[in-house]
Amino acid sequence: MAAAEENTSMFLIFILTMIALPLVPYTILRLCRAASEKAKTIHCRCSGCHRSGKYRKSIYKRISNFSTCSNLTIVLLWIVMIFLVYYIKHVSREVQVFEPYSILGLEPGASESDIKKSYRRLSIQYHPDKNPDPEAHTFFVEYISKAYQALTDPVSRENYEKYGHPDGRQGLQMGIALPKFLLNIDGASGGIMLLGIVGFCILLPLMIAVIYLSRSSKYTGNYVMHQTLSTYYYFMKPSLAPSKVMDVFIKAAEYMEMPVRRSDDEPLQKLFVAVRSELNLDLKNIKTEQAKFWKQHPSLVKMELLIQAHLTRESFALSPALLKDYKHMLELAPRLLEELVKIAVLPRSPHGFGWLRPAVGVIELSQNIIQLCLIHHKILSILKIRSFQELCDMSMEDRSALLTQVAGLSEEESQDVELVLEMIPSIEVDIKCETEGEEGIQEGDVVTMYAWVSLKRHNGLTAALPHSPFFPFHKEENFWLLLADAATNDVWLSQKVSFMDEATAITAASKAIQETQEALGASAKEIGNAVREAVDSVKQGSRLVMGKFQAPAEGNHNLTSFCLCDAWIGCDTKTSFKLKVLKRSRAGTRGHVPEEGPTTAEDGIEEEEEEEEEEYDDYESEYSDDEEDEKNKGKGKVVNGVAHQGANSDIDSGSDE
């Protein structure tokens, strides 16, 4: 019986240990992350973002943010663990070592007269003739009597003093940390134990595997349906205009599965009238165009109208049911647009290139959904400036006078503009292309691109959330670095860049630099210095982007690196540079680049200016400004595969759609 009680107690301790081992360190990790996230305010502090309620720390908001599955699971496990500790300490009776002196209330080595006196005193208190309580009877028989016998019998006392037990040397006992009722394998207990083994060892893993496989067969790692990716891949075209990107975007399976109710017909009709001018309908055949629009799939009609309601700020007139669908549509939009960008830059051409024009169009649509470009264009047109970067470069006095006197803003509104301008990122890109371990680049070589993307803000932050007062969800800003040939619409390399996680960026940059230096045969000291420089650059707000591509045919190739933000309008940059590819040597030896002075961007532009303008216009986004592009092409010195962007150049600062 004592062994069974001990096994039951040990089973509870075993369960407590298995819960505490992962729970305690995971809880500490979560608390440390929460403390680090709250150390800095990284969201926009303007009145518009404050009124949106996304960052408001009300009690309801705190409860809503806390009430996630992972947090509730942690709390539940802590409650179970506290209950087990209380039960083991106060309820579960652990089997104790037999201590006769302690039972009789004596000190070790007490005399025989003291033992008898203590026994008589306890007999008066616990003897069944004196105390009718059953527990007193059990305690007297199992403990007091045995303790008196062990200390008065010479042999028992000698055994206890020599071996620690009245019966002499004891053998080793082993048990199983299972409850008492499971140790009896006869009858129902055996069936319970069998069911437990089958359930925990077979059925539970099988159920988890089935759920995982069923979900993974339907969704990607970014929680986007596979059917959506297939649809995007089918409808993505190299000449897809930015105005047509939305037609592809709304075909996502997630949107097609949203319910279409009959009660939505009348609100959608009213919404159509409000946003009709934004639907790209032919005004000459307006009746035919309207009829054609309403003949589309009901889900497509609904999604396009909801997106236009967001872009034109008509969402305040939506019914409660449509408002719920509208918020769900916006919640899914960032990750769907990210997958759409990946589909656009997916290598498809015979040379393994993606498509530039649709990728730029998708990113511009993302910017418009997050920040609403109509508002930005209105402010820029009133101030008669070309970009927000131009506004940032002004002195505070000139900017304040412009905002209050020309734009007619109040002091509070002018302060909001200042807060937003402090958050706008300024991007610089430093690109170098080379063949590792060789001089010059020959056709067919595997070329490695090294790009340092640096971000600066006036408020000193690196990681921040964008200004998005009309987007009701948290959205981290991401940047897309595209190495492309704008004349042929080809994307040679593409990679998403994030400035939110500095620790991950340090690890990735250190590993990449170390592997590169080791491949070049650098010494340990040189590798250490290169890694330290990379870590310092990351801590100062830079991110390393590396990629490989195969060198094209011999000649000078005019490439452009686009650094496009998916959340900010007017902070995109372009860097133009030439990639000189040499002819492959017949004997397999490497040729060297002829010695020549640095070639600037103006040199290449003067020779091919007219041809580039005509070709690029076919693929340039309708939001772009050709005059601004000409200015950007003249910035920075450009040599063979090396370019440095010294200042921001806006691609779409004049957005009006």
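# Asking why: strands, helices and loops

Biologist: Let's start with a pair. Which residue in β5 is the bridge partner of Gly354?
Modeller: In β5, Gly354 has Val491 as its bridge partner. This is a predicted model, with residues numbered from 1 along each chain as its sequence is written. Local features need pLDDT of at least 70, side-chain atom pairs count only at pLDDT 80 or more, totals for chains, interfaces and linings use all residues, and side-chain values use heavy atoms, with hydrogens and water left out.

Biologist: What makes β1 and β5 a pair?
Modeller: Two strands pair if DSSP finds at least two bridges between them. Two bridges join β1 to β5, which run antiparallel, so by that rule they pair.

Biologist: What is the order of the open sheet of five strands?
Modeller: The order is β1-β5-β4-β7-β8, with antiparallel pairing.

Biologist: Why do β1 and β8 count as edges?
Modeller: Each of them, β1 (354-355) and β8 (573-581), has a single partner strand, so one side of each has no neighbour in the sheet.

Biologist: How do you know that β7 pairs with β8?
Modeller: Nine bridges join β7 (residues 555-565) to β8, and the two run antiparallel. As an example, Thr560 stands opposite Ser576 in β8.

Biologist: What joins β4 to β5?
Modeller: Eight bridges do, and these strands run antiparallel too. Leu482 stands opposite Ser494 in β5. The two strands form a hairpin with four residues between them, and Asn489 in the turn has a positive phi of about 65°.

Biologist: Let's zoom in on β5. What makes Gln495 partly exposed?
Modeller: Buried is under 20% relative accessible area and exposed is over 50%, with partly exposed in between (1.4 Å probe, protein chains only). Gln495 has 31% relative accessibility, so it lands in that middle class. Gln495 lies in β5 (residues 490-498).

Biologist: Which residues is Gln495 in contact with, leaving aside its neighbours within four places in sequence?
Modeller: Gln495 is in contact with Phe479, Trp480, Leu481, Val545 and Met546. Contact means heavy atoms within 4.5 Å. The C-alpha atoms of Gln495 and Phe479 are separated by 8.4 Å, and these residues are 16 apart along the chain.

Biologist: Now the helices. Why are α17 and α18 called roughly antiparallel?
Modeller: Angles run from 0 to 180 degrees between N-to-C directions, and axes are lines fitted to C-alpha atoms, for helices over the stretch in contact. Under 35 degrees counts as roughly parallel, over 145 as roughly antiparallel, 65 to 115 as roughly perpendicular and the rest as oblique. Helix α17 (residues 320-344) and helix α18 (residues 356-371) pack at about 165°, with axes 9 Å apart. They are therefore roughly antiparallel.

Biologist: Which residues in α17 meet α18?
Modeller: Leu330, Leu337, Leu340, Val341 and Ala344 in α17 do, and among their partners in α18 are Pro358, Val362 and Ile369.

Biologist: What makes α7 and α8 roughly perpendicular?
Modeller: Helix α7 (residues 134-152) and helix α8 (residues 154-163) pack at about 95°, with their axes 5 Å apart. That angle makes them roughly perpendicular. Gln149, Ala150, Leu151 and Thr152 in α7 meet Pro154, Ser156 and Arg157 in α8, a contact of three nonpolar, three polar and one charged residue.

Biologist: Last stop, the loops. Why does Tyr223 count as partly exposed?
Modeller: Its relative accessible area is 48%, so Tyr223 is partly exposed. Tyr223 sits in the loop between α10 (188-216) and α11 (226-235), and its phi is near 60°, a positive value in a residue other than glycine.

Biologist: How do you know that Arg313 counts as partly exposed?
Modeller: Arg313 has 43% relative accessibility, which means it gets that label. Arg313 is in the loop between α16 (298-311) and α17, with a positive phi of about 60° although it is not a glycine.

Key
Ala, Val, Leu, Ile, Met, Phe, Trp, Tyr, Cys and Pro count as nonpolar, Asp, Glu, Lys and Arg as charged, and the others, Gly among them, as polar.
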